[in-house]
Amino acid sequence: MNRQARQLLIAGALLMALATLLGAYGTHGLRDVLDERQFETFRTAVQYQFFHALGVLAVGLIADRIAVR
């Protein structure tokens, strides 16, 4: 595995972990603090974070495949 692909995979994994932590924090720590609209905004932001982290992981996997060829 080349260095760039490895860095992308590590970044994607860290971003995925961050999305998971933020989602858990929002659900368990902020649900009673935020009103419904604020909570939905936070939830949407966490979903975007999750999808972008998946994208970074996909780019890392593609970069590894391209580098092998």
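Which residues is A5 in contact with, leaving aside its neighbours within four places in sequence? The legends below take up this question in a predicted model, and then turn to two further sites.

View 1. A5 has its place in helix α1, which spans residues 3-30, and, once its neighbours within four places in sequence are set aside, A5 is in contact with G60, A63 and D64. A5 and A63 lie 58 residues apart in sequence, yet their C-alpha atoms are 5.4 Å apart in space. A5 counts as buried because its relative accessible area is 0%, where the cut-off for buried is under 20%.

**View 2. D64, a buried acidic residue in helix α2.** D64 is buried and sits in helix α2, which covers residues 36-68. D64 has no salt bridge, and the nearest side chain of opposite charge, that of R65, is 5.6 Å away, whereas a salt bridge would call for a side-chain nitrogen of Lys or Arg within 4 Å of a carboxyl oxygen.

View 3. Y48, F50, F51 and L54 make a nonpolar surface patch of about 420 Å². One of these residues, F51, has its place in helix α2. F51 is classed as exposed because its relative accessible area is 53%, the cut-off for exposed being over 50%.

Key
Residues numbered from 1 in each chain as written. Predicted model: local features only at pLDDT ≥ 70, side-chain atom pairs only at ≥ 80, totals over all residues. Heavy atoms only, no water. Helix = DSSP H or I, 4+ residues; strand = E, 2+ residues; numbered from the N terminus. Buried < 20%, exposed > 50% of the residue type's maximum accessible area, 1.4 Å probe, protein only. Lys, Arg positive; Asp, Glu negative; His and termini not counted. Contact = heavy atoms within 4.5 Å. Patch = residues over 30% accessible without salt bridge, like charges linked within 9 Å, V, L, I, M, F, W, Y side chains within 5 Å. Areas by Shrake-Rupley, 256 points an atom, 1.4 Å probe, with all protein chains shown as cover.
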